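Here is a friendly walk through one model. Take a look at the sequence and the structure, then read on with both in view.

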Amino acid sequence: MANGILVVGEVRGGVLKGTTKEIVTAANTLSQAGGGPVSLALLGDDAAAATNLARSLPVANVLVARHPALAQYSSQAFAAALQAVLSACGARLVLFGATAMGRDLSARAAARCDASLFTDCTEISLAGGNLRVKRPVYSGKVYVELESTAAIQMASIRPNVFPPATGSGSAEVIEVEATIDAAGIRGRVKEVVQTADGAKDLTESEIIVSGGRSLKSADNFAILKALAEVLGATVGASRAAVDAGYVPHSMQVGQTGKVVNPKLYIAVGISGAIQHLVGMRTSKVIVAINKDANAPIFQKADYGIAGDLFEIVPKLTEEFRTLLGTHA
Amino acid sequence: MKIVVLLKSVPDTESKIRIAGDGTSIDGQGLKYIMNPYDEFAVEEGLRIKERLKDDTTVVVVAMGPDRVVDVLRTALAMGADDAVHVGDPAFEGGDAQANARVLAEVVRPLNADLVLGGKQGIDTDSAQTCAALAEYLDLPQALIVNELTVADDHKSVIARRRVEGGDELVAMTLPALVTAEKGLNEPRYASLPGIMKAKKKEIRKVTLADLPLKPGQVGAAGSKSKVIRYHNLPDRPAVKMIAGDAGQQAKELARLLREEAKVI
Amino acid sequence: MSRRLHGEVQTIKEGIVQFTLTDEQRLIQQTAREFADNEVAPVADRHDREGKFPLELIKKLGRMGFLGMLIPEAYGGTAVGNLCLVLALEELNRVCASTGVTVSVHNSLVSAPIVHWGSEAIKRKYLPRLATGELLSAYALSEPGSGSDAAGLVTGAVRDGNDYVLNGTKNFITTGAEADVAIVMARTDPSHKTRGITAFVLERDMKGYVVGKKEDKLGLRASSTVQLVFEDLRVPASQILGGEGMGFKIAMHTLDGGRIGIAAQAVGIAQACLDASIKYAEEREAFQQPIGKFQAIQWKLADMATRIEAARFLVYNAARLKDAGQPHGKEAAMAKLFASETANDAARDAVQIHGGAGYLEDFPVERHFRDARITEIYEGTSEIQRLVIARHLLKNLS
C-alpha cells in the first residue's frame with residue numbers, strides 16, 4: 001500500500017510561510033510513527049521560487065507543479081494541481097496549515113480527491129495507519145478526537161501548535177506535470193490589497209497584548225502598543241473595546257473575532273466573558289490585569305494582577321525594556 | 001438572478017455543551033437551537049442583492065437536518081426569502097461534511113442557482129468544509145470567508161473580498177459561483193412583523209432521500225469517511241497565581257515569572 | 001380588531017411549564033428577544049443613568065412593526081394581537097423597562113383606542129404613521145389633582161363653534177416630551193362626573209400644547225415623564241374619539257388593555273431579576289462555594305421562578321381573552337396586580353442575593369429594583385386593581 005505524507009506548502013510573495021515549516025514538523029512526527037516519507041508540495045511558479053529553502057527542510061523530496069493556470073491562486077486550479085502531485089507521490093496523508101489559503105484549498109481538494117478532511121487540528125497522530133486528530137468544536141468549548149477511515153486522509157493544522165522545522169538538508173526536487181482545464185477555472189485572485197497598518201496578523205502572533213473596555217478610549221490603547229512594541233507583540237482587543245469604537249474589528253479576539261493561539265496572551269482590563277475566552281483559551285500562558293479581583297478572566301489565567309492597568313502596564317513596559325534591553 | 005442560501009440549525013452560543021455519558025456524543029438535552037450566526041450574513045447578502053438588482057431575483061433557502069431546522073427556514077422566510085427547502089431524512093444523519101455536501105449538491109443542482117451563499121462555518125462543528133465540497137461537486141468557483149461582495153453590472157460575475165494574513169484578497173469569479181460569509185459582510189436585518197406574517201403563506205418544500213439520485217451508502221453516516229473516537233473537555237489549568245504588592249512590585253514580579261518560570265519571553 | 005392565531009403544538013418555553021405558540025408568535029417573540037439582547041441591552045444602563053430617551057431604538061422598533069401590533073393591516077399595522085404584544089413586551093422589558101413602557105403605551109393606550117373609537121378620518125390620519133413609529137404618542141388622563149380618581153379630572157374642553165378650547169394640566173405623562181400625538185381626556189360637561197368626559201386626539205404642533213416640566217424619577221429614567229399643559233388649545237370636534245361624553249368609558253376600556261401591557265412589563269422585569277440572580281448565584285463564592293449551593297438562596301430563587309411563571313400565565317390568559325373579544329377586565333386586573341407585586345418582590349430578593357454588589361450601579365439589579373416600583377402604581381394602583389377584581393366578584397352588591 002502506498003504511503004507517505006504530503007505537506008502542502010504555502011508561499012506568499014516568494015517567501016515560504018512559517019506555518020509550512022510548522023506543518024513539516026507535524027508531518028515528521030507522523031513519519032516517525034510509521035507514516036512514511038514526507039514530501040513537500042509547491043504549487044505554482046510563485047511557490048516554486050521558494051524551492052531552495054524548501055529543500056533544506058527535513059523532507060524526503062520537494063514536488064513542484066507549474067502551470068500557467070497556477071499564476072494566481074484559485075481553488076479549482078490549485079486543487080487540480082494538488083491532485084496531480086498527490087498521484088505522483090502516492091502519499092496517503094496530506095497536511096495543510098489552517099491558514100486562509102490552507103482552509104480554502106484543503107476543503108476543495110479533499111472533496112475533489114474523495115479524501116477525508118479534519119480542519120484546524122491541534123493534535124495529530126497515527127492509529128493503525130490512520131490519521132487521528134483532536135480539534136476544537138462548539139467554538140472551542142469542547143474538543144473532539146476523530147479518526148479517518150478513508151483511503152486518502154487530509155488535515156489542516158492550527159498555526160503555532162508545532163514548532164517550525166529547520167534544516168540544512170538537500171531534498172530532491174521533482175517537477176510534476178499538472179493537467180489543468182484552464183478554461184474551466186472561473187475564479188481567481190485578482191489582487192492582494194495590503195491592509196493599512198501591515199501589522200502582523202493576530203492569528204499568527206506569538207505574543208498578544210489585548211485591551212478591553214477599561215482602556216476607556218482609543219488613545220489609551222497607546223499604552224498597550226508601547227508594551228507590545230517592547231515585547232514584539234501584536235495588540236488585540238475584546239469585543240467591548242471594538243463596540244465602543246476604540247479599535248477596529250480586525251483587532252478583535254473572541255467568538256466573533258479571531259481565534260488566537262499565542263504562547264503568551266496578556267489580557268488588560270478584560271473581564272473574561274465566555275465569548276472572549278473562546279478566542280484565546282488555548283494560549284500557552286495567560287496573564288490577566290484587571291481592577292476587579294473577581295473578574296472571570298482570573299479563573300482562566302496563569303498569572304494575575306488585581307490593580308489599576310494605567311499604573312501597572314507602563315511599569316511592566318519599563319521592566320521588560322530593562323530585561324530585554326530593548327529601547328523604544 | 002437565482003440565489004440559493006444554505007442554512008444550518010446549531011446550538012446557540014450561550015449553550016453549555018455537555019459530553020454525553022459514553023463520551024462519543026454531545027448531550028442534546030436542553031439545547032436551544034438558532035440559525036447559524038454566519039448564515040445570517042449569507043441570507044442578508046442574498047436579500048440585499050435581490051433588493052439592489054430590483055428584477056426578478058429570488059432567494060431560496062435550504063436547510064438540512066431534523067424537523068427543528070424548519071425554524072431557521074421560517075426565520076429566513078420572515079427576513080424576506082422567497083422559498084424554502086427542508087432536506088430531511090433519517091438516512092442523512094451522522095454525515096460528515098462531504099456526505100452532506102453530496103446530498104445538498106443534488107438538491108441545489110436542479111435549482112440552477114447563479115449564486116450559492118453560505119456561512120463560513122457552522123458554530124457546532126466549526127469545520128468549514130461543507131460549502132467548499134458543495135462547490136467542488138457543482139463545479140463552482142468559490143470564495144470563502146468573504147467580508148465584501150460586489151456583483152458586476154451585467155450580473156454575470158462577482159468580486160469577493162476576503163481577509164488573508166497581512167491583507168485582503170480580491171477574488172474575481174464568473175457566475176455561477178459560491179461564496180461563504182464572514183462576520184462583517186453586512187448587518188443582518190431582523191425579521192419584521194409584516195415579514196413574519198407574510199412568511200406564513202410561503203411553503204416549505206420537503207426533500208427526502210427518495211427524491212434524490214443517491215444511494216443510502218452515499219449519504220449520512222454510511223457515506224462518511226471518519227468516526228468520532230471521543231469528546232474531551234478542556235484540560236484544567238492550575239489555579240491562577242495572583243501577584244501581590246504595589247504596582248511597581250507586581251510589574252517586576254510578573255516580568256520575572258514570565259521570563260524565568262513560564263519561559264515565554 | 002385582533003386576529004386570532006391558531007396554534008400548532010410547538011414547545012418553545014424552557015422552564016417549569018411549556019406553552020403552545022404558533023410559528024408566528026414564536027418568531028415575534030424571538031425577534032423581540034434578539035433585538036432586546038443585541039440592540040437595547042448594551043445601552044440600557046447608560047440611558048438610565050443619563051435619563052436619555054432611546055429614540056433611535058424606538059424608531060427601529062417602529063420600522064420593524066412593533067409599534068403597529070394592534071393596528072389593522074388596512075392602516076399599516078399587522079394586527080397580530082395582544083398575546084403577541086405581551087410576548088414582545090416581556091422581552092423588551094427584561095432588558096429595558098423604559099423602552100418597554102414606551103412600546104406598551106403606544107400600542108395599548110393610543111393605537112388601540114384610535115382603532116376602536118376613531119372616525120375613519122382620524123384612523124386614516126394617524127394610524128399609518130403610528131404603525132411605523134413615524135409618530136410617537138402619549139396618553140394623558142392623570143392630573144395633579146386626580147390619579148386613581150380618574151373621573152375627578154378638571155382639564156376643561158369648552159365648545160366654541162366647531163371647536164373645543166382646552167385648558168388644563170396633565171401630569172405623569174409617559175413619552176410626553178417626544179410624543180407627536182396624544183390622547184387627552186378632558187371635561188366637556190361639568191355637571192356629569194363620568195359622562196362629562198371626552199377623549200381628544202391632540203397634536204404637539206397645536207397652538208397651546210405645552211410640554212411642561214420633566215420629572216426626575218426613581219426608575220424608568222430613560223422614559224420621559226412630563227406634565228402637559230393646555231393653554232387655550234383650540235381643537236376641531238373632528239378630533240374627538242367615539243363621541244362627546246364617551247371619554248371615561250374609553251379610558252376604562254383602554255386601561256384594561258394597558259394594564260395587560262404593564263403586567264407583561266412586570267413579568268419581564270421579574271425575569272431579568274431571576275436571570276441575574278441565577279447567574280450571580282452560580283459565580284459568586286462564599287465559604288468556599290458558589291452561593292447557589294446554599295438553601296437560603298435556592299429557596300429565594302425557587303419562589304421567584306414559581307411566581308414569575310404564575311404571573312406569566314395570568315398575563316397570557318388576559319391577553320388571549322382580549323384577543324378573543326371576551327370580557328377580560330377581571331383577568332387583566334389580576335395579571336397586573338400579581339405581576340407587579342411579583343416584580344417588586346423579585347427585585348428585592350435579587351438585590352439581597354447580590355448582597356452589597358446589588359446596591360451598586362455595576363450590576364443591573366439596582367435598576368430593576370427602581371424600575372419595578374412603578375408597576376404597582378401606574379395604569380391603576382394595586383389598590384385600584386383589588387377594587388376592580390372585587391367589583392367583579394361581588395356583582396350582586398353593585
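This is a predicted model: local features need pLDDT of at least 70, side-chain atom pairs count only at pLDDT 80 or more; totals for chains, interfaces and linings use all residues.

## Chain C as a whole

Residues are numbered from 1 along each chain as its sequence is written, chains are lettered from A and ligands numbered from 1 in the order in which they are written, and side-chain values use heavy atoms, with hydrogens and water left out.

Chain C has 10 helices and 10 strands. These are DSSP runs, numbered from the N terminus: helices are H or I with at least four residues, strands are E with at least two. A compact globule of 398 residues would have a radius of gyration near 21 Å, and the 21 Å of chain C agrees with that. (The radius is taken over C-alpha atoms, and the globule rule is 2.2 Å times the number of residues to the power 0.38.) The C-alpha atoms fill a box of roughly 80 × 50 × 45 Å along the principal axes.

How much of chain C is buried? Buried residues make up 59% of its 398 residues, where buried means under 20% relative accessible area, exposed over 50% and partly exposed in between, using a 1.4 Å probe and protein chains only.

## A helix in chain A

Helix H6 of chain A covers residues 221-231, and its buried residues include Phe221(A), Leu224(A), Leu227(A) and Leu231(A). In general, an α-helix has 3.6 residues a turn, so residues three or four places apart point the same way. The buried residues of H6(A) pack against several elements of chain A, among them strand E14 (207-211), strand E16 (264-268) and helix H10 (309-324). After H6(A) comes Gly232(A), with a positive phi near 70°.

## Two residues that reach across chains

His232(B) sits in strand E12 (residues 226-233) of chain B. Its side chain makes a polar contact of 2.6 Å with the side chain of Glu145(A). (A polar contact is a pair of N or O atoms within 3.5 Å; within protein, one must be able to donate a hydrogen and the other to accept it, and residues adjacent in sequence count only if both atoms are side-chain atoms.) Leaving aside neighbours within four places in sequence, His232(B) is also in contact with residues including Lys134(A), Tyr143(A) and Ile19(B).

Asp168(B) belongs to strand E9 (residues 167-174) of chain B. With a relative accessible area of 8%, Asp168(B) is buried. Its side chain makes a polar contact with that of Arg161(B) at 2.8 Å. Not counting residues up to four places away in sequence, Asp168(B) touches Glu191(A), Val193(A) and Arg163(B), among others.

Most residues other than glycine have a negative phi, and most peptide bonds are trans. Which residues are joined by a cis peptide bond? Leu175(B) and Pro176(B) are, with omega about 5°, and Pro176(B) lies in the loop between E9 and strand E10 (177-181) of chain B.

Tyr138(A) is not a glycine, yet its phi is positive, about 50°. Tyr138(A) lies in the loop between strand E9 (130-137) and strand E10 (142-148) of chain A, and it counts as buried at 15% relative accessibility. Asn160(A), also other than glycine, has a positive phi near 70°; its loop runs between strand E11 (153-157) and strand E12 (172-177) of chain A.

Key: Contact means heavy atoms within 4.5 Å.
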